[in-house]
Amino acid sequence: MDNSTQQQISLVERDYFLCRLSDLDELQSIELEIDERKLFAIREDNQLYAYWNSCPHMGIPLNWMPGKFLDLDGALLQCSAHGALFQIDNGECIGGPCVGDHLSKIVLRQQDDQYFIAADQPLPAPLVNLRAAALRDLD
Ligand code: FES
């Protein structure tokens with residue numbers, strides 16, 4: 001990797017407290033924002049899985065309401081825009097327009113019952129603002 005590429009990669013500056021596992025019920029999620037990047041975590045089978053909240057199809061948030069990430073069966077993560085379905089434990093898209101792509105998993109640091117967003121992992125690109133992009137296209 002050359003120096004110009006390295007300068008473009010932003011990293012999570014420090015550990016950010018996310019939650020205690022006991023704060024969440026089974027399949028309950030929590031959202032957080034770090035440096036204008038949205039993320040969410042969901043509890044399944046006493047594990048916590050965290051992803052940047054950006055659909056690989058179009059780079060927009062998955063949910064249309066706070067904390068609502070699951071499909072009707074409550075078994076998969078679902079993007080509200082075009083219905084892509086993702087496995088909770090690995091973020092793989094198994095249905096919809098981006099099959100085979102993955103949500104970007106976040107590295108967590110666990111300390112007893114507490115989970116933190118681990119420092120020094122790459123920040124994703126900022127979310128696409130479709131409204132602003134559409135307004136720019138009108139100019
Ligand atoms: S933006 Fe998520 S499925 Fe299209």
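# Notebook: one predicted chain

**Entry 1. Order of elements.** I read the protein chain along its sequence and wrote down the pattern α-β-β-β-β-β-β-β-β-β-α. I count two helices and nine strands in the protein chain. I note at the start that this is a predicted model.

**Entry 2. Confidence.** I looked up the pLDDT next. The mean for the protein chain is 92, and 95% of the residues reach 70 or more. Residues 1-6 are another matter, with pLDDT below 50. Beyond near neighbours in sequence, I find one contact for this stretch in the model. Where pLDDT is low, the predicted coordinates should not be read in detail. I leave the start of the chain there.

**Entry 3. Overall size.** Along the principal axes, the C-alpha atoms of the protein chain fill a box of roughly 50 × 40 × 25 Å.

Entry 4. I traced an open sheet of three strands in the order β2-β3-β4, with antiparallel pairing. Which strands stand at the edges? They are β2 and β4; each has a single partner strand, so one side of each is left without a neighbour in the sheet. From one strand to the next, the twist averages 25 degrees. Strands of a sheet pair through backbone hydrogen bonds, either parallel or antiparallel. For β2 and β3 I find six bridges, in the antiparallel sense.

Entry 5. I checked the backbone here: aspartate 35 has a positive phi of about 50 degrees, although it is not a glycine. Is aspartate 35 buried or exposed? I put it down as exposed, because it has 12 C-beta neighbours inside 10 Å, and 12 or fewer is the cut-off for that class.

**Entry 6. The largest nonpolar core.** I listed 23 residues in the largest nonpolar core. Phe40, Ala41, Tyr49, Ala50 and Tyr51 touch the most other members. Which elements give two or more residues to this core? I wrote down β3, β4 (47-52) and β9. The largest share comes from β4, with five residues.

**Entry 7. Strand β9 and its partners.** I looked at the two faces of β9. Tyr115 and Ile117 make up the covered face, while Gln114 and Phe116 are on the uncovered one. How many bridges join β1 to β9? I find four between strand β1 (residues 16-20) and β9, and the two run antiparallel. Here arginine 20 stands opposite glutamine 114 in β9. β8 and β9 also pair in the antiparallel sense, over four bridges. In that pair, glutamine 111 stands opposite glutamine 114 in β9.

**Entry 8. The hairpin β8-β9.** β8 and β9 form a hairpin, and I find two residues between them. Aspartate 112 lies in this loop, between β8 (108-111) and β9 (114-117). Its phi is near 55 degrees, a positive value in a residue other than glycine. Why does aspartate 112 count as exposed? I find 7 C-beta neighbours inside 10 Å, and therefore aspartate 112 counts as exposed.

**Entry 9. The sheet β5-β6-β7.** Another open sheet of three strands has the order β5-β6-β7, and its pairing is antiparallel. At the edges stand β5 (77-78) and β7 (93-95); each has a single partner strand, so one side of each is left without a neighbour in the sheet. Two bridges join β5 to strand β6 (residues 85-86). Glutamine 78 stands opposite leucine 85 in β6. I stop here.

How values were computed: Residues are numbered from 1 along each chain as its sequence is written. This is a predicted model: local features need pLDDT of at least 70, side-chain atom pairs count only at pLDDT 80 or more; totals for chains, interfaces and linings use all residues. A residue is buried if 20 or more other C-beta atoms lie within 10 Å of its own, exposed if 12 or fewer, and partly exposed in between; C-beta atoms are placed from the backbone. Two strands pair if DSSP finds at least two bridges between them. pLDDT is the predictor's confidence in each residue, from 0 to 100. Two residues are in contact if their C-beta atoms, placed from the backbone, lie within 7 Å. A nonpolar core is a set of buried Ala, Val, Leu, Ile, Met, Phe, Trp, Tyr and Cys residues joined through C-beta atoms within 7 Å. Axes are lines fitted to C-alpha atoms, for helices over the stretch in contact, and angles run from 0 to 180 degrees between N-to-C directions.
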